[in-house]
Amino acid sequence: MSTFFIIAVLILLFVVIFQIAKASEYVAILKGEEKSRKHDNKINGFLMIAFLVLGLIGVYYCHEILKGRVLQESASKEGEKVDEMLHITLAVTGIVFIITQVLLFWFSYKYQESEKRKVFFFPHNNTMEVVWTVVPAIVLSVLVVIGLRNWFIFTGEPPKNAMIVEVTGKQFGWIFRYPGKDNQFGKRYFRNIDPSNNSLGLIWADNKELNQKADPAAYDDIVQEQTMYVIKDRPVKLIIGSRDVIHDVGLSHFRLKMDAVPGIPTTLWFTPKFTTAEMKEKTGNANFQYEISCNQMCGNGHYSMKGVIEVVEEDEYYAWMAKQKPYYYGAFPEKDPSATPPAPGGAPPSSPDSAARITTASVTRTTAGDHNNKLK
Amino acid sequence: MSNEQTLHTGTAHGTVHDDHGHGAHHHHETFITKYIFSQDHKMIAKQFLITGMAWAVLGGLMSVLFRVQLAYPDQNFPILETIMGHWAKGGHITAEAYYALVTIHGTVMVFFVLTAGLSGTFSNFLIPLQVGARDMASPFMNMLSYWFFFTSALIMLSSLFVESGPFSGGWTAYPPLSALGSASPGSKTGMDLWLISMALFVVSQLLGGLNYIATILNMRTKGMSMTRLPLTIWAFFFTAVLGVLSFPVLLSGFILLIFDRNFGTSFYLSDIFINGIGALPNEGGSPILYQHLFWFLGHPEVYIIILPGMGMVSEVMSTNARKPIFGYMAMIGSLFAIAILSFLVWAHHMFVSGLNPFLGSFFVLLTLLIAVPSAIKVFNWLTTLWRGNIRFTPGMLYSIGFVSMFISGGLTGIWLGNSALDIHLHDTYFIIAHFHLVMGVAGIFGMYAGIYHWYPKMFGRYMNNTLAYIHFWVTLAGAYLIFWPMHYEGLAGMPRRYYDYTNWESFKMFGELNVFISIVAIIVFAVQLLFLFNFFYSMYKGRKVTSQNPWGSTTLEWTTPINPGHGNWTGEIPEVHRWAYDYGKDGKDFIAQTTPVGAGESVNH
């Protein structure tokens, strides 16, 4: 009922506006078209300057309201550079914005039609044109230089001590893989994928048909869904891939993102500055999470494709890692040494020391070789 | 001389002729030849315009529907079920329907409204009139161009009604999502129809574009050298060149996609495992290849949208400031520079796609380079206003609005073109704000400027000014209110194309803002309906145009009769003696292009 009421009101409003508009046309004819045109011209001239003033106030007001809701300090070291660039670019474009918009609306107001004014015939002026070609070119060059310097840092090799996590997108979630004790990712091949116990298609067994051999490095890989653990102040390199369509690892708190493309691995690295707990305190939000948002349209569940990054202190990380079992044992529980009756006096198979040492950037990963398995 | 000759050959098939008896002995026009299968460029222009408007209403309505979802993700509106049936069960738009709305909104706005509706309308309408030709080089091809567009539009429309729904993978249609029906229901029949529709659209664009180029190069009237052309024509010329060179690449990308979808090839597919289906046989393809092919059109496409606006705004602004356009040659030069550079920047859409970063760095440089010719244009427009004597006709208001939008949206391009910033802002609301302002709103403002300015020439009547003023001021303010705050959402990293943000700790603080934006969007949409009403009402009831040249303009279209017939001029085509921008020269209000250069006249062009 209320919808029809709203529609009725809208139609009524239309009719009223239309009647006023029609009446104004008749009035114009009565008053003399030229006279009423000049009258309208004055109104529009005034509205130009009014729009400028209100608009600038609006820009300020909008900023006041919303500045608290945009991201606070960057949570990664690399993100600081993004923020710095944002500020420089904002300053440059902000100045140009104010100058050009003020001139546009001010000129419109000032040079509105007047019988007294004689138009200045001014078809061109080489000096002016050269100035506003060269000055923007110089300013832009500066921005390009700053941008590219950062770009090559972001996309370059991570520091030597970086840990590595493999991130794989799927409709609609994230799979994370750590290389395990041997610091080496085992090979995977997408035809081995079994959603129930081998979500990445790790090559655990020989397969004549696919012409592939079991990769021992795959036995100790640790696979987790939805939550990724990384260490504060330790660079982390993500090797990003996708199992089905294109996804995107969006890390707004760290100011970075990178697409996850099926068949083509991409990489991204960053250094988290604050643990999740610290961020909860900093933001005053007890529910704070570092969320991975999928930023590339990937299907009807795109909006729900969330991953979580837990940034923790180093010892917490090792304590957590110690509790993780290789993914292999999930698929073949009989192979799990801890599942057999404990040997007398035997220590649990993993302790912070013996458990997966942190992976370093020197670790090699061999998905590229996966294709060859078939081709050979 | 050669102009006259080509003119004769160009129109030799009898529809028009240059002698005075013209009009009496041919053209037994029926309703069908006059209004449907018309070969008159003016009628074809109107067909493009009205089809474009129909799509604009549909595309706009779609945006209203998905804005309702964004504003009120947890409320039900029974009326939605009335409109959309099971796509909004219980009055709540489903995710599937939401993505279909977003996708089709993007596709039709970019291609049907701002490409066909904008350059299809005004290239057709203005090129023959302003260069002094009786019609296009090939009126028949011109007619075909419209009918290919019409068919394409019908097919797109039909895709809204198939059982699995229209395509829903975003207007860029990236594979593998767009290639695999098993990955998304929208990628089934809906996507086939989408591809057929777009392929026909490309054909339409090529037929039109080749015609525009041929007409501009060959059919200018006597004395109309290239450097005497109005800037509108230069803009349409570069637009057509861009279209002719880039649309075929898009078509090739689509053909490969059709093969991947239907014939088991693997151009774009590799290493894919679909839940519930299993591993696909495809190996060795690259989804990135599609992105290259798509954006090789996709980027020139945004200039195909904005260049006609730039041209028309230059013309309308100069006319109504009663002052020559500042820096005519610089304006042509910057159009040319933009046209060239537009082919060299496509990969800036792909900075985070895994593109080689070294390659990316060249695209950063070339992308920011485009800001230079854009800056030249803006400063030239500002200088054109300076010390003018401005008449705020509705067309002029929209021209000023165009410049304002172009500045606001253009400046954020400097943010996004810099890859190290794009890595944060890519695919967030920042980019939505950017391209809607600089391409969407500015493009549509250019279109409105053109419609209001040339309406008297199209229909021999004026549109209602009061409605036009309301339309302009509400739309200008509304566009800023909608898109300005979106920059903030983007800075917070809020991703685009999300159906619901309430489960995201990082993005849910913008709930109220989304309500605000949606309400403004609905108001702005309603005001566009007011414009449509004004448009159609004035066709029949508007004030009649009584003088041949109502705006005091210099260009040739205003030397034709108030209601020109097919062939445009009743007598001979006028000869041109000067450039198009002699406003306020030597104390005269304006000197038409057809006026010979006087003895004591100061020399300028």
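Trainee: What distance separates the centres of domain 1 of chain B and domain 3 of chain B, taken over C-alpha atoms?

Mentor: The model is a predicted one. In it, the two centres are 37 Å apart. The domain assignment places residues 1-13 and 38-285 of chain B in domain 1, residues 315-543 in domain 2 and residues 559-605 in domain 3.

Trainee: How many residues of domain 1 of chain B are in contact with domain 3 of chain B?

Mentor: Domain 1 of chain B contributes 11 residues, which are in contact with 12 residues of domain 3 of chain B. The domain 1 side of this contact holds four nonpolar, three polar and four charged residues.

Trainee: How is chain A divided into domains, and how far apart do their C-alpha centres lie?

Mentor: Domain 1 of chain A covers residues 36-113 and 122-155, while domain 2 of chain A covers 163-336 and 350-375. Their C-alpha centres lie 42 Å apart. The contact between them takes 11 residues from domain 1 of chain A and 13 residues from domain 2 of chain A. On the domain 1 side, α3(A) gives the most, with five residues. By class, that side has four nonpolar, four polar and three charged residues.

Trainee: Why does the end-to-end distance of helix α4 of chain A agree with its length?

Mentor: Helix α4(A), residues 126-155, has 30 residues, which at 1.5 Å a residue should span 44 Å; the distance of 42 Å between its end C-alpha atoms therefore agrees.

Trainee: Which residues of α4(A) are buried, and what do they pack against?

Mentor: An α-helix has 3.6 residues a turn, so residues three or four places apart point the same way. In α4(A), the buried residues include A:W132, A:P136, A:L140, A:L143, A:G147, A:N150 and A:F154. The buried residues of this helix pack against α3 (77-110) and β7 (256-260) of chain A, and against α10 (328-341), α11, α12 (394-416) and α13 (419-425) of chain B.

Trainee: What can be said of helix α5 of chain B?

Mentor: Helix α5(B), residues 95-131, has 37 residues and reaches 50 Å from first to last C-alpha, close to the expected 54 Å. A kink of about 35° is centred on B:M109. Just after α5(B), B:G132 takes a positive phi of about 85°.

Trainee: How does one read a strand, taking β4 of chain A as the case?

Mentor: In a regular strand the side chains alternate between the two faces of the sheet. Strand β4(A), residues 227-231, is largely enclosed by the rest of the structure, because four of its five residues are buried. β4(A) pairs with β10(A), residues 306-312, in the parallel sense over five bridges. A:M228 has A:I309 of β10(A) as its bridge partner.

Trainee: What is the overall make-up of chain A?

Mentor: Chain A has eight helices and 10 strands. Of its 376 residues, 38% count as buried. Among its contacts with a separation of 6 or more, 71% join residues 24 or more positions apart.

Key
Residues numbered from 1 in each chain as written. Chains lettered and ligands numbered in written order. Predicted model: local features only at pLDDT ≥ 70, side-chain atom pairs only at ≥ 80, totals over all residues. Domains from an automatic or database assignment. Contact = placed C-beta atoms within 7 Å. Nonpolar A, V, L, I, M, F, W, Y, C, P; charged D, E, K, R; others polar. Helix = DSSP H or I, 4+ residues; strand = E, 2+ residues; numbered from the N terminus. Buried ≥ 20, exposed ≤ 12 C-beta atoms within 10 Å, placed from the backbone. Expected span 1.5 Å × (residues − 1). Bend = angle between axes of the 7 residues up to and from the residue. Pairing = 2+ DSSP bridges.
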